[in-house]
Amino acid sequence: MHKILITGGAGFIGSHLTRLFVTKYPDYNIVNIDKLTYAGNLENLKDIEDAPNYTFVRGDITDAGLLKELFDIHQFTAVLHCAAESHVDRSITDPLAFITTNVVGTATLLHTARQYWNGAYENKIFYHISTDEVYGSLGETGFFTEETAYDPRSPYSASKASSDHIVRAFYHTYHLPVKISNCSNNYGPFHFPEKLIPLCIHNIINNKPLPIYGKGENVRDWLYVEDHVRAIDVIFHTGKVGETYNIGGHNEWTNIALVKELCRQMDEKLGRDKGESEKLITYVKDRAGHDLRYAIDATKLKDQLGWLPSLQFEEGISKTIDWYLNNSEWLQHVTSGNYQHYYEQQYDKR
Ligand code: NAD
Ligand code: TYD
């Protein structure tokens, strides 16, 4: 029986994680703190908002006073820390927001949990959700393992790397019972359409250009979001305190091959002529400091905790496209207002 503080539960991964824990563990009490930035959306949690074991609090993880109050009221036994500024392109234009939430926010949470638990660490868990981008960029071969040295190159990945280091420092210095996982790129329902896959699905629907940075040869390892949160569940319950686990999809795609696969499937689903959506592909100026390749070696997670991805990519992508086609209202809501402004800033000059 846990009392869990989930941070960033109204975001993409956080909403899947919150749904999984609220529905799978009715005995757990779950409090979701989320600032509701442009990326946070309570529509992502509509189906569980009235669940008796779920509470939402709008708040900022840098607010030490609020965190202390929440720990005092709810007596948390665990933290699942998902809140972050998460988009690399935004980190290039506004790095300080990333330092504030990802570094200062994580440190504030750690400090609050340590003070509240006050050395009584039995059955306590501080779980930090992180990214494979902390390891930097691979060449054409090789994989990131848990032993790979950190080499972050964007303000986003540097802020996540800093937060991982601070989490480990609290483990080594104060014995705070931490767990960390570093996951590859996720995709699936509720993904904000600033990231490659949902942005392209949205643009294909609307017959808008599909912006490919550089030559489209950068490689990412894609994992269906429900497989990611299933891995978090396994690590949370059976992973070892103080350890790091890499989570990956064994599923590498160049950006251009991925976008062509999206176009192929969407032509079929939308009843368009074969090859029609591919005509929307437009090569644009490359991202500054664009990491060439990410690929995860998830052997430790498979061998020690028995986790494997469940979905093949073509199937996961098909499910994802269907979700966006069936949830046009969600897409319309998140792409109105501020999104238009972001889109013009980001792409009109490329
Ligand atoms: P997201 O941007 O969709 O969601 C982030 C959530 O955090 C939003 O709901 C936002 O409102 C909230 N938030 C931001 N700043 C906050 C603050 N100061 N206080 C409280 N809430 C705040 O992000 P995501 O893609 O769901 O990523 C979630 C976590 O998983 C992040 O830590 C990210 O680094 C990590 N991760 C993401 C991916 C991926 O492919 N998306 C892969 C590996 C790891
Ligand atoms: P993204 O979804 O932003 O994830 P990340 O940068 O964290 O891996 O981008 C995935 C890849 O797609 C990355 O190599 C950058 C590229 N990309 C484009 O080519 N065009 C786009 O419009 C976006 C958003 C990304």
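Predicted model: local features only at pLDDT ≥ 70, side-chain atom pairs only at ≥ 80, totals over all residues.
1. Helices and strands are named here as DSSP runs, a helix having at least four residues and a strand at least two, and they are numbered from the N terminus.

2. Is Ser184 buried or exposed? Its relative accessible area is 4%, and because buried means under 20% relative accessible area, Ser184 counts as buried. The side chain of Ser184 also makes a polar contact, reaching the backbone oxygen of Asp221 at a distance of 2.9 Å.

3. Leaving aside residues up to four places away in sequence, Ser184 touches Asp132, Asp221, Leu223, Ile247, Gly248, Gly249 and Ile296.

4. Turning to ligand 2, one finds 18 residues around it, and the closest are Glu133, Arg220, Arg287, His290 and Tyr347. His290 places a side-chain N or O atom 2.7 Å from an oxygen atom of this ligand, while a polar side-chain atom of Asn185 lies 2.9 Å from an oxygen atom of ligand 2. In the case of Leu196, a backbone N or O atom lies 2.9 Å from an oxygen atom of ligand 2. On its own, ligand 2 has 510 Å² of accessible area, of which the protein covers 98%.

5. Which elements give two or more residues to the shell around ligand 2? They are α3 (88-93) and β8 (210-213), with β8 providing the largest share, three residues. Sorted by class, this shell holds seven nonpolar, five polar and six charged residues.

6. Ligand 1 is surrounded by 28 residues, the closest being Ile13, Asp34, Ser86, Tyr156 and Lys160. A polar side-chain atom of Asp60 lies 3.0 Å from a nitrogen atom of ligand 1, whereas Cys82 has a backbone N or O atom 3.1 Å from an oxygen atom of ligand 1. A backbone N or O atom of Ile129 lies 3.5 Å from an oxygen atom of ligand 1. The protein covers 97% of the 840 Å² of accessible area that ligand 1 has on its own.

7. Two or more residues of the shell around ligand 1 come from each of α1 (12-24), β5 (125-131), α5 (155-174) and β7, and the largest share, three residues, belongs to β5. By class, the shell around ligand 1 contains 12 nonpolar, 12 polar and four charged residues.

Key
Residues numbered from 1 in each chain as written. Chains lettered and ligands numbered in written order. Heavy atoms only, no water. Near = heavy atom within 4 Å. Polar contact = N/O pair within 3.5 Å; in protein donor to acceptor, adjacent residues only side chain to side chain. Areas by Shrake-Rupley, 256 points an atom, 1.4 Å probe, with all protein chains shown as cover. Nonpolar A, V, L, I, M, F, W, Y, C, P; charged D, E, K, R; others polar. Buried < 20%, exposed > 50% of the residue type's maximum accessible area, 1.4 Å probe, protein only. Contact = heavy atoms within 4.5 Å.
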